[in-house]
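Biologist: Could you put the model up? I have some things to ask about it.

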2 protein chains.
Amino acid sequence: MFSIQQGARMKFQLKEATAVLERTPAVLRAWLADLPAAWVRSDEGPDTWSPFDIVGHLIHGEETDWIPRLEIILTHGESRPFEPFDRFAQLEKNKDKTLDELLDAFAELRARNLETLKKLDLQSRQLDLTGTHPELGRVSARQLIATWVVHDLGHLAQISRVMARAYSDEVGPWKAFTPILHRRT
Amino acid sequence: MFSIQQGARMKFQLKEATAVLERTPAVLRAWLADLPAAWVRSDEGPDTWSPFDIVGHLIHGEETDWIPRLEIILTHGESRPFEPFDRFAQLEKNKDKTLDELLDAFAELRARNLETLKKLDLQSRQLDLTGTHPELGRVSARQLIATWVVHDLGHLAQISRVMARAYSDEVGPWKAFTPILHRRT
């Protein structure tokens with residue numbers, strides 16, 4: 001295994017986590033709205049996702065994953081395991097939508113979920129509460145929200161990578177200097 | 001070596017390339033403006049870059065790399081090698097600036113450079129013209145502009161990764177499901 005270089009870790013703070021979550025819809029809009037379709041629909045081959053698919057996946061997370069799981073933790077604790085998250089449900093559902101519709105839907109759902117989060121006004125004691133992940137076992141509310149943030153960031157990185165790789169041949173000799181075209185992902 | 005899965009490659013088109021380049025300043029602003037400093041200054045350890053440093057690096061590219069090199073190709077062809085690009089020049093220079101100043105400077109420089117590019121009105125014959133990279137040898141104007149795009153995308157991916165890894169410990173058991181916390185980069 002490679003070792004991953006690591007800087008100072010941040011300790012979870014709800015306000016800092018929320019600051020990332022509330023920006024993602026605007027980042028996606030600034031990046032993808034009205035972008036030529038060749039970019040929006042580019043992917044990394046069969047069974048990989050385009051930027052369009054990634055926005056659909058983020059919508060599905062807002063609908064079925066983060067806040068619903070948080071509410072299970074707060075209401076049922078570890079006694080009721082989360083529903084498994086279907087990573088592919090959105091592909092069929094969104095195929096006739098436009099990117100603009102998906103960007104709007106994501107922004108609305110995210111804003112609503114952050115409003116719910118704000119109203120919960122979670123204190124440290126509640127962030128420590130735990131639930132049962134169907135595969136990972138015991139997880140805390142704090143870990144769930146931290147994962148929500150990292151999940152956003154992971155998919156922003158994926159959009160960068162998918163788009164960059166569509167130009168793998170076009171950069172010519174510069175390919176040697178562009179790590180995003182080489183990294184195993 | 002790992003094999004990298006690859007989707008359909010895009011053929012370089014100036015209009016599609018420009019569509020990405022013109023969006024990057026707004027993406028950075030939507031993402032980083034007024035974000036808590038803990039995120040903006042997070043890094044991956046000694047001699048790695050924070051989101052703040054990355055914006056400074058992008059500014060330096062606008063000042064010394066892309067358009068200046070394009071102009072060398074158009075004016076001197078292969079007879080005059082490019083100046084080597086100093087990847088670290090900006091760190092000292094920007095240390096007393098605010099992120100907002102850097103975001104503004106980048107947006108201005110990028111807009112000006114895209115205006116220059118537009119005025120050049122490059123046709124296929126000019127995109128085929130070649131220059132001499134000090135390490136890579138012969139490169140074309142087309143490859144230079146494609147690399148400009150991929151360079152933007154690579155640094156957007158880097159921002160995602162740096163921020164995500166600041167939460168490496170906070171996600172708890174979910175670390176197993178978040179590839180951005182594991183990939184060698």
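Biologist: How many salt bridges are there between chain A and chain B?
Modeller: The count is 4, where a salt bridge is a side-chain nitrogen of Lys or Arg within 4 Å of a carboxyl oxygen of Asp or Glu. One side-chain pair in a salt bridge is A:Lys11 with B:Glu170, at 3.8 Å from N to O. This is a predicted model, where local features need pLDDT of at least 70, side-chain atom pairs count only at pLDDT 80 or more, and totals for chains, interfaces and linings use all residues. Residues are numbered from 1 along each chain as its sequence is written, chains are lettered from A in the order in which they are written, and side-chain values use heavy atoms, without hydrogens and water.

Biologist: Which helix gives the most to the side of chain A that touches chain B?
Modeller: H8(A) does, with 17 residues. Helices are DSSP runs of H or I with at least four residues, and strands are runs of E with at least two, numbered from the N terminus.

Biologist: And how many residues of chain A are in contact with chain B?
Modeller: 74 residues of chain A, with 74 of chain B; contact means heavy atoms within 4.5 Å. The copies meet through the same surface, because 100% of the interface residues of chain A are also interface residues in chain B.

Biologist: Other topic. What do S1(A) and S2(A) form?
Modeller: A hairpin, with 3 residues between the strands. S1 (residues 130–133) and S2 (residues 137–140) of chain A run antiparallel, joined by 4 bridges; strands pair if DSSP finds at least two bridges between them. A:Thr130 stands opposite A:Ser140.
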